Amino acid sequence: VLSRLGLLRPVHVVSLRRLTALRDVAVHDDSVCIGALATLRTIETSTAVRARCGALADACATVASVRIREQGTLGGNVVHADPAQDPPPMLIALGATAVIARADGRRESPLDGFFTDWFTVAMEPGELLVELRVPALTSDARATYLKFLPRTADDYATVSVAAVARIDGEGRIADARVVLGAAGATPIRAHAVERAVVGATPSDGAIDEAAALVRDEVDPIGDDRGSVAYKREMARVWTARALRTVTTR
Amino acid sequence: MTIEADRVVAGTLVEPEYRIDGRAKVTGTARYTADNRPEGTLEVAYARSPHPHARILSVDTTEAEAMPGVHRVLTGADVRSLHLGRMLQDWPLLAWERVRLVGDRVAAVAAETLAQATAAADRIEVEYEELPAIFEPAAALAGGAPILHPEHDTYRYLRGRRPDRRHANVQGERVHEHGDIEAAWAAAAHVFEHSFDVARTYQGHLEPHVTLVWMEGERFHVCSTNKSPFRLRSQLSTSLGIAADSIVVEAGVIGGDFGGKGFSIDEYVLIVLARETGRPVRFSTPYADDMRAGNCRHRATISMRTGVDTEGRILVHAASFVYDGGAYAAAKGNADLMPGGGVTSLVGYDVPAARVEGMCVYTNSIPGGHARAPGQPQASFASESHIDLIARAMAIDPIEFRLRNAIRDGGTDSRGSRWRESTMVEVLETLRREAGAARSLRPGRGRGFALGARASPAGRGGEALQGTVAVSVLRDASVEVLTGVSDQGAGAHTMMQRVVAERLGVPVTMVTVRHGATDDAPFDLGVGGSRTTPVIGGAALAGAELLARRLEEIAPDVPVLRQLARAAALGDVRVIGAFEHVAGLHSTYGYAVDVEVDVETGQVRVADAVFVADVGTVINPVALRGQILGGFAAGLGQALMEELTVHDGVVTSAGLGDYKMPTAVDVPPLRIVLLSNPGGGPFGARSAGELANVSVAPAIANAVEDAVGVRVDSLPITAEKVLDALRARGRHRQPDRGQDVAL
């Protein structure tokens, strides 16, 4: 995409097509291990993913059209680091980890913090993203991915919200993660919103109050999908909707 | 979706058609223009302007000419006296002295490969002096505005003397008046005034404009995606000073049109390159360039004022249309240099007195051209929104208001034309019945109506209404129709096949349709103005009639298959089918659209829609369905999302990733109800191509107001605009729905 836009003129291009081992989805120690070359369609239709972190399958299912999802890979999607992509906010909200290979071994990096700027990730030359590890959602947690598409089903999000919440035995929100897509240079974790809802008993008032904080956490650009002011407002609306979804039993 | 036809013709026409071009397209063997690449073909790339308006101080091609693979670099200086255009030739083949839009072609490179041509084009050094640019029509007419075409007096106008204009920055204008206007204003009980804005949109043909030119001896062979090959030949001949019979234009399989394929830009400069290099030369327009420097649908600002009596009957109407024509008028084919239906105010209503004026203005942006029903969606959005606002203000049911004013037989429309027959009332009655019967509105939903009509086909006489085909019996006793009409995907060739088979009483498999180049086929004006089925279909029917008579002479009183066998043995049985369609008929239609509005986001979702149209006898039932559904989808796009956004002359949505058009899953179910009052085409067919896209937007705007009480008066009706309107009214929550519109 970047080279087609003239933003990147690669001297060499290395094909990963024959690294078939990186296409698999496996389960280890209650984590889903997704090969970097697994297609978005594979994840969308994977029973292992559906059973453990179904919201990730849902997020992948919102990417463009089925033709694109048959070709596009999760690893490519992540390292491309377009902030309007759908899987990254959901991966961050689910607490996923990137496994990165290099000549002298492997390292792991939480996906939260992995995206550093527009189209930029915390990787060095000589490194290759090989796997994404997603912990299974616990039985007391719920997750959702909401993508606001006022134009067409295959569009980029005007704004998107990935949310995960865990409700404790008292019915209070024990833990929450809220991550927004298409709302700044990278996926944006809404820490203020999270802090405001943790410990609260879910109610319309509590959720609306917390969601209002997201306006100052996002930093969207104005474009054909809406002005800056509109996107901030939509971040609020969809954050509230996402929180309602994950806190409603 | 159901198709209900009141009247069908027995025989071939009741069967769903088998597309003549279907197998080749599905199997990938159909040859589009871009599939032709003769040995030795050179590829072409352009150096384009980065400025919306600038003087060219110098062009240095030295480095580019020395690049590998480069055969020729052409600049404006090489072709400086030459301009192109369909009616007004105001677009230089290559810019010289000045550029007038971002993406204007400054120099052309022909090289062995596209990569070489592109690399060389990148090395052309152009020195510019930026000039003040005009982005708004109002600014173009203001005192002290820069004149974008100081040399406008020297431009060739292809139809006699170019009409006078009030300002040098005006491309064309038109004023119409009829009736006793002053008396009517004085008599009006109420006067309503509203104004509207419509965004620029892109036609959206998936195949870009492609051209291949080579020389055969002294003749230029032009392979083009242009859907009007004979007109292109004449435009090329006039512009370049080459005799028409030295140019052969061939339009092969065309990959979508939607109005954009009647205009050519690159054929001209490619002819020069082919002559100078002696090699075939080819150009395939990059999609982004097609969108930013092609020929978009005109942006418009429209104001309307209407006086009615106490019962809501229209007495008098005034309208002003201002179109943003962009940098060149070249893409428009009409004598008045306005988008075709540019001043079609209040179509379908009786307007006893009116003054309607329209103007198309130069700006430093994308040249306006033809897009499916040029001018009509703009006019319809304004007209049908205006009508709805008046009905609402007078508390008259929207269908009832339209019924009171619908044009009837002998009525006068806003252009002063008398309708000899009108099916507008029947459309309205049907719409009321169908919309009411099918659905009851849930709270939070709203319903909007919009009517429309167009001349069937366009044209008040002359070439547009005349068609000619040649019909022959081949050696194998089959029948061949030879036509100059290229099939741009709408099914023209299948239509001709069915008409001829129906008339002769033979299976469709015995009739083939051959598309000929301009040196082979009979003259034809080209696909456009919804003329193909009524006019060319009429010619095919006339040809079949003549052939039937001829066969009866050759072998009287025997079955047609034996007649054909006899004719084949005889050899050289060929007739010319010529037809002239009557002027002044109309195809009428209307929409009822239900929407749901998300009051927290402003998002509008079309929940349901019904389309009623009088298209006369149906020749290609499957293609008709495609035309109507495709038109609905196009209308939906224009209504809710499509806009070629331009900032400081730069198109910021020049790609289908940002410029979104509805996909299959975005188009809600559409119910189609067809009336079948016979028209003037073959077996009573009427025009159908440019109906379904026109009135979707006003129906949606009207439905939005019905649902949540706010009016959006500009297209597209984005979620943000709806939310802004809701906020402006201080209404954040779903309002209690009052009484549903009585139906």
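Reader: How many residue pairs are in polar contact between chain A and chain B?

Author: This is a predicted model, where local features need pLDDT of at least 70, side-chain atom pairs count only at pLDDT 80 or more, and totals for chains, interfaces and linings use all residues. Residues are numbered from 1 along each chain as its sequence is written, chains are lettered from A and ligands numbered from 1 in the order written, and side-chain values use heavy atoms, without hydrogens and water. A polar contact is a pair of N or O atoms within 3.5 Å; within protein, one must be able to donate a hydrogen and the other to accept it, and residues adjacent in sequence count only if both atoms are side-chain atoms. With both residues at pLDDT 80 or more, the count between chain A and chain B is twelve.

Reader: And which helix of chain A gives the most to the side that touches chain B?

Author: Helices here are DSSP runs (H or I, at least four residues), numbered from the N terminus. With seven residues, the top giver on that side of chain A is helix α8 (residues 228-247).

Reader: Okay, which side chain meets B:K660 in a salt bridge?

Author: A salt bridge puts a side-chain nitrogen of Lys or Arg within 4 Å of a carboxyl oxygen of Asp or Glu. There are five between chain A and chain B. At 3.2 Å, N to O, the partner of B:K660 is A:D154.

Reader: What area is buried between chain A and chain B?

Author: Buried area is the accessible area (1.4 Å probe) that two parts lose on being put together, summed over both. Carbon and sulfur atoms give 46% of it here, and the total is about 1600 Å².

Notes:
Helices (H or I, at least four residues) and strands (E, at least two) are DSSP runs, numbered from the N terminus.
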